[in-house]
Amino acid sequence: MAEQPLLNTYGRLPVVFEHGRGMWLYDTEGQRYLDTFTGIAVCGLGHSHPGVAHAISQQAERLTHCSNLFHCKLQQQLAQRVCDLTDMDGVFFANSGAEANEAAIKLARHYGHQRNIASPAIIVMENAFHGRTLATLTATGNRRVQAGFEPLVSGFVRAPFNDLEAVEAIARSNSNVVAVLVEPIQGEGGVDIPDDDYLPGLRRICDREDWLLMLDEVQTGNGRTGTYLACQQQGVQPDVATVAKGFGNGYPIGACLARGAAAKVFSPGSHGSTFGGNPLGCAAAIAVLDAIEQDALMDRARILGERMLNRFREHLMGADYIEDIRGQGLMLAIELTHPCSELVLLAKVQGLLLNITRERVIRLLPPLTMTDDEADYLADQVIRIIKLYAADDRDRPRN
Ligand SMILES: Cc1ncc(COP(=O)(O)O)c(C=O)c1O
């Protein structure tokens, strides 16, 4: 049932949140909920982070927007900070993950045209998620996202994820390829962590073929997996990387980062965005970086992630309803043996907000700012709910 006058695009839980703080959300009835996925990896510093709130309110009083027809000091500061963290050379600011990926896709096509490839193609992966605009939903490897929106955009070639040989086979048969676009860990695709040699292998193929390696770090970036970009754990330097989600901790800002030849592809008029990189968003994103650095949040993500994984393994591993427990930093997954969408409502009644992806993967994306005690508490609540659900499920009649 659509809520008038909103278009009917979301199935929503029956709850209205009024404010949030850290890992807690409070509804209009005064009930509090433990948020295990921070607005789908957006509020990496927790809800209503004081440093970000202060930066936004201060900047709102000074200047919110002036357009990209002028220089913007905050944009340059933010771009420099991000380049220093990632060893990239240049930044295009967007307002979302899909827009950051659109910029990457356009950049790759332009790169191809500059090499006289009239019909450039980008390799994308099965089960990938890159956004909901036409090009990014085409790049997305999920028919449910695409169905009903045909004709899709041309110029994408699909390969299975974590399969270097499949990419090699495309290299042998398709001379139009100019880039590979891939998530270092597939988020919507079920927190699928590839083999350690996958990204380095893609890097080698891209170098050999003169393709751009474009990493969608919209969900994995901003320190969530324990390094600023997840690829830094494999020592892989992309040509293009995109970030969004946690970049502004809730203020909508994304970025497409480019390096080397890729950073020289665009020229004035190639691409643009009215709102992209406005002073308000840049102030928010700078405050996020300040907090990540001052509070050593990338280290905390690594430490807390290990701590939670151990706790989950200790209490859940071996149970007949558990398929797998995995994660990197604070991008964690508990995969059950069968679909578990009812778990979301059960957890909500118990004051816990859970996210399920790929039907049976409980995806946990808690804030990097948790204390050890908070992380233990959150893990214990998740364990409690899963056990409760498993016990309930056993009693449920099967048809
Ligand atoms: C890896 C990845 N890329 C892109 C997107 C799209 O980002 P947005 O919803 O901000 O457009 C998402 C969103 O879930 C994502 O997880």
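## Close-up views of a predicted model

View 1. An oxygen atom of the ligand lies 3.0 Å from an N or O atom in the side chain of lysine 245. Such a polar contact is a pair of N or O atoms within 3.5 Å; within protein, one must be able to donate a hydrogen and the other to accept it, and residues adjacent in sequence count only if both atoms are side-chain atoms. The protein covers 81% of the 390 Å² of accessible area that the ligand has on its own. Accessible areas come from the Shrake-Rupley method with a 1.4 Å probe, and for residues only the protein chains shown count as cover. This is a predicted model, in which local features need pLDDT of at least 70, side-chain atom pairs count only at pLDDT 80 or more, and totals for chains, interfaces and linings use all residues. Residues are numbered from 1 along each chain as its sequence is written, and side-chain values use heavy atoms, with hydrogens and water left out.

Two further contacts involve nitrogen atoms of the ligand. A polar side-chain atom of aspartate 216 is 2.7 Å from a ligand nitrogen. For phenylalanine 129, a backbone N or O atom lies 3.4 Å from a nitrogen atom of the ligand.

**View 2. The shell around the ligand.** The ligand is surrounded by 13 residues, each with a heavy atom within 4 Å of it. The closest are Gly97, Ala98, Asp216, Gln219 and Lys245. The shell divides into 3 nonpolar, 6 polar and 4 charged residues. Here Ala, Val, Leu, Ile, Met, Phe, Trp, Tyr, Cys and Pro count as nonpolar, Asp, Glu, Lys and Arg as charged, and the others, Gly among them, as polar. Helix H4 (residues 97–114) gives the most to this shell, with 3 residues. Helices (H or I, at least four residues) and strands (E, at least two) are DSSP runs, numbered from the N terminus.

**View 3. Histidine 110 in helix H4.** Histidine 110 lies in helix H4. Its relative accessibility is 33%, so histidine 110 counts as partly exposed. Buried means under 20% relative accessible area, exposed over 50%, and partly exposed in between (1.4 Å probe, protein chains only). Histidine 110 touches Val265, Phe266 and Ser270, not counting residues up to four places away in sequence. Contact means heavy atoms within 4.5 Å. The C-alpha atoms of histidine 110 and valine 265 are 6.7 Å apart, though 155 residues separate the two along the chain.

View 4. The side chains of arginine 81 and aspartate 290 meet in a salt bridge (2.8 Å, N to O). Arginine 81 lies in helix H3 (residues 73–86) and aspartate 290 in helix H9 (residues 279–294), so the pair ties together parts that are 209 residues apart in sequence. A salt bridge is a side-chain nitrogen of Lys or Arg within 4 Å of a carboxyl oxygen of Asp or Glu. By this rule the count comes to 20. Arginine 81 is partly exposed, at 23% relative accessible area. Aspartate 290 is partly exposed too, at 28%.

View 5. Arginine 302 pairs with aspartate 299 in a salt bridge, the closest N and O atoms being 3.3 Å apart. The two residues are 3 apart in helix H10 (residues 297–316), so about one helical turn separates arginine 302 from aspartate 299. An α-helix has 3.6 residues a turn, so residues three or four places apart point the same way. Arginine 302 is partly exposed at 41%, and aspartate 299 is partly exposed at 37%. A network of salt bridges links Arg300, Arg307, Arg311, Asp372, Asp376 and Asp380.

**View 6. Glutamate 150 and the cis bond.** Glutamate 150 forms a salt bridge with arginine 143, with the closest N and O atoms 2.6 Å apart. The peptide bond from glutamate 150 to proline 151 is cis, with omega near 5°. Proline 151 sits in the loop between helix H6 (143–146) and strand S6 (156–159).

**View 7. Two loop residues with positive phi.** Valine 191 has phi near 50°, a positive value in a residue other than glycine. Valine 191 lies in the loop between strand S7 (177–182) and helix H8 (198–209), and is buried at 0% relative accessibility. Alanine 296, not a glycine either, has a positive phi of about 45°. The place of alanine 296 is the loop between H9 and H10.
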